Amino acid sequence: MRIGIVLLYLQYIAGVLGAGRYVIDRISCSGSLYNSVKGYMDTVQQWATDICTPLEPYIQDPTPANRPDETFMNLVVRLFGKDDLPTLMNLYSRFDPMRQYVLVDVDNRSEWWKNSEREQSDLELFCNPDYIIWKNSPVDGSATWWDPTRYCPIKNDNMILDLKLPSTHLLAVSCPAVIDGNQERWPVRWSETITFQPQKLQRTIDKDVTFNAKRVQKAAAPSLFSRIKHKFKRTDKDFKPVDLLDTTEMTLVHEISHLVTCGASMDMRGDRSYGWTNVNELKSAENAENLAYFAMINQLNKNYQLDVKYDGAFVSLN
Ligand SMILES: [Zn+2]
């Protein structure tokens, strides 16, 4: 009976969501930016695969023999408070569509893409918010912010407008397929979007703030932490060594997890939803940052034999 329910659930996921496609905007992500963003997506999809692969056999047949290994389950408990079947199914349903996005190498501003092919399960990635323009609404003539790629007005409180300010603290903003109060439903041919803050994206590329062996090694060295923690915006009290690995890949997992296609996670406590200290307190699969830390630390476990203690310090798994 239990297995039957699980199979039904999997069919539901596959039937409702299917595989989404993603496109990278060629105008805002011009030149080398295109390949940088593609590289971040490749990494994020690998991270999602490394979560789904150990979960899949257990979700299909939850016998002890199919249980993911202890390190994986310990990480699930640390970030989500429990490791029961509903929790694991919840995680699978969020990371499975993330790993399934397929890159489509088309011009997302072409009429072909806009009019005939675009779906809600698709994702468009932008490297700056310049496509959002100020213009007169064709509806009532009043001036408003407008998204010409989706033919829709942007409300004044939409966070994407904050990206236009160089002083913003935001790294990226997702526009999930949520229903606007004035609309009956998400319009048929609107893809979900993620837009990066251009100066911050360029800086992380210039400084090579990438999740790789070099950076992991540096982060795990205590001397670096004491030297650079003052540079981070979080207070010293809240900033932990593991937060040094909050790279663009983690930002992208965080933003993708907000999309409806990937389970519509939230920032559960506003500004107090980010960083290791808050993640540890929240322990929720509904919180985007918990999902991002889960994906990243799973890589530490798997590829670097490193784990993260409750206090955010690194510890060897060996
Ligand atoms: Zn968020």
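Q: Two strands pair if DSSP finds at least two bridges between them. In which order do the three strands of the antiparallel open sheet stand?
A: Before we look, this is a predicted model: local features need pLDDT of at least 70, side-chain atom pairs count only at pLDDT 80 or more, and totals for chains, interfaces and linings use all residues. Residue numbers start from 1 along each chain as its sequence is written. Strands here are DSSP runs of E with at least two residues, while helices are runs of H or I with at least four, and both are numbered from the N terminus. Going across this open sheet, the order is β4-β5-β6.

Q: What is the average twist from one strand to the next in that sheet?
A: At the edges sit β4 (133-136) and β6 (152-154), each pairing on one side only. Angles run from 0 to 180 degrees between N-to-C directions, and axes are lines fitted to C-alpha atoms, for helices over the stretch in contact. From one strand to the next, the twist averages 60 degrees.

Q: Which residue in β6 is the bridge partner of W146?
A: Strand β5 (residues 143-147) pairs with β6 in the antiparallel sense, over three bridges. Within β6, the bridge partner of W146 is P153.

Q: Which residue of β8 stands opposite L125?
A: Strand β3 (residues 123-126) pairs with β8 in the parallel sense, over four bridges. In β8, T193 stands opposite C175. Opposite L125 stands I194.

Q: How many of the five residues of strand β8 are buried?
A: In a regular strand, side chains alternate between the two faces of the sheet. On one side of β8, E192, I194 and F196 are buried, and T193 and T195 are buried on the other, so that both faces are covered. This strand is largely enclosed by the rest of the structure, because the number of its residues (192-196) that are buried is five of the five.

Q: At about what angle do helices α2 and α11 pack?
A: Two packed helices are described by the angle between their axes and the distance between the axes. For α2 (residues 32-60) and α11 (residues 288-304), the axes are 9 Å apart. The pair is therefore roughly perpendicular, a label for 65 to 115 degrees, with under 35 roughly parallel, over 145 roughly antiparallel and the rest oblique. The angle is about 75 degrees.

Q: Which residues of α11 meet W47, A48, D50 and I51 of α2?
A: Residues are in contact if their C-beta atoms, placed from the backbone, lie within 7 Å. By that rule, those α2 residues meet A295, N298, Q299 and K302.

Q: How far apart are the C-alpha atoms of Q46 and Q299?
A: Q46 sits in helix α2, and it counts as partly exposed because it has 13 C-beta neighbours inside 10 Å. Along the chain, Q46 and Q299 are 253 residues apart, yet the separation of their C-alpha atoms is 9.6 Å.

Q: What share of the protein's residues counts as buried?
A: Not every residue does: D208, in the loop between α6 (198-206) and α7 (213-220), has 10 C-beta neighbours inside 10 Å and so counts as exposed. Over the 318 residues of the protein, the buried share is 37%.

Note on methods
A residue is buried if 20 or more other C-beta atoms lie within 10 Å of its own, exposed if 12 or fewer, and partly exposed in between; C-beta atoms are placed from the backbone. Two residues are in contact if their C-beta atoms, placed from the backbone, lie within 7 Å.
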